[in-house]
Amino acid sequence: MNKAVQIRFDEYPENARIRLEELRSLVFRIAAELELGDVQESLKWGEPSYSVKIGSPLRMDWKSNSPDHYYLFFHCQTKLVDTFRELYGDVLEFQGNRAIVLSLFSPLPEATIKHCLELALTYHQRKHLPLLGA
């Protein structure tokens with residue numbers, strides 16, 4: 001893990017850190033399964049950020065002003081969150097056109113989040129397709 005990212009993860013409360021580590025592992029697993037190359041891990045705006053060459057960067061974070069939730073952030077000028085809302089509006093909660101809001105007290109909807117992450121990590125191959133080819 002990138003040292004700056006590790007320091008940031010160590011600052012999270014344990015329940016949030018565990019959930020964010022679960023998301024991080026999922027990002028790396030998807031990148032490996034889809035053979036997307038190296039995942040660039042860094043901090044952007046103080047939040048762990050992940051990107052691959054053919055994808056749109058994504059970030060994740062927990063906020064003390066919303067302690068029951070953690071977030072997956074996407075570039076707001078992409079079609080990602082609009083597509084996620086169309087596909088999964090009945091099972092996911094969103095914040096504007098930039099984030100999926102997840103509850104610390106509910107199981108991660110892994111299949112749904114995995115699909116969202118796959119779309120983000122392959123965004124530049126899909127951005128011209130209706131519903132990103134989903």
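Visitor: Of the contacts with a separation of 6 or more, what share comes from residues 24 or more positions apart?
Guide: This is a predicted model. Contacts here are heavy atoms within 4.5 Å. Among those with a separation of 6 or more, residues 24 or more positions apart account for 56%.

Visitor: Which secondary structure pattern does the protein follow along the sequence?
Guide: The protein has five helices and six strands. Read in sequence order, the pattern is α-α-β-β-β-β-α-β-β-α-α.

Visitor: How does the radius of gyration stand against the globule rule?
Guide: The globule rule gives 14 Å for 134 residues. The protein comes close to that value, so it is as compact as a globular protein of that length. Its radius of gyration is 14 Å.

Visitor: Is the aromatic pair of phenylalanine 28 and tyrosine 50 stacked or edge-to-face?
Guide: The count of aromatic pairs is four. In this one the centres lie 6.0 Å apart, with 85 degrees between the planes. Angles over 60 degrees count as edge-to-face. The pair of phenylalanine 28 and tyrosine 50 is therefore edge-to-face.

Visitor: Where do phenylalanine 28 and tyrosine 50 lie?
Guide: The two residues are 22 apart and link distant parts of the chain. Phenylalanine 28 is in helix 2 (residues 14–33), and tyrosine 50 is in strand 2 (residues 47–51).

Visitor: Is tyrosine 50 buried or exposed?
Guide: Buried means under 20% relative accessible area. Phenylalanine 28 has 28%, so this residue is partly exposed. Tyrosine 50 has 0%, so this residue is buried.

Terms used:
Residues are numbered from 1 along each chain as its sequence is written. This is a predicted model: local features need pLDDT of at least 70, side-chain atom pairs count only at pLDDT 80 or more; totals for chains, interfaces and linings use all residues. Side-chain values use heavy atoms; hydrogens and water are left out. Rings of Phe, Tyr and Trp (its six-membered ring) pair if their centres lie within 6.5 Å; planes under 30 degrees apart count as stacked, over 60 as edge-to-face and the rest as tilted. Helices (H or I, at least four residues) and strands (E, at least two) are DSSP runs, numbered from the N terminus. Buried means under 20% relative accessible area, exposed over 50%, partly exposed in between (1.4 Å probe, protein chains only). The radius of gyration is taken over C-alpha atoms; the globule rule is 2.2 Å times the number of residues to the power 0.38.
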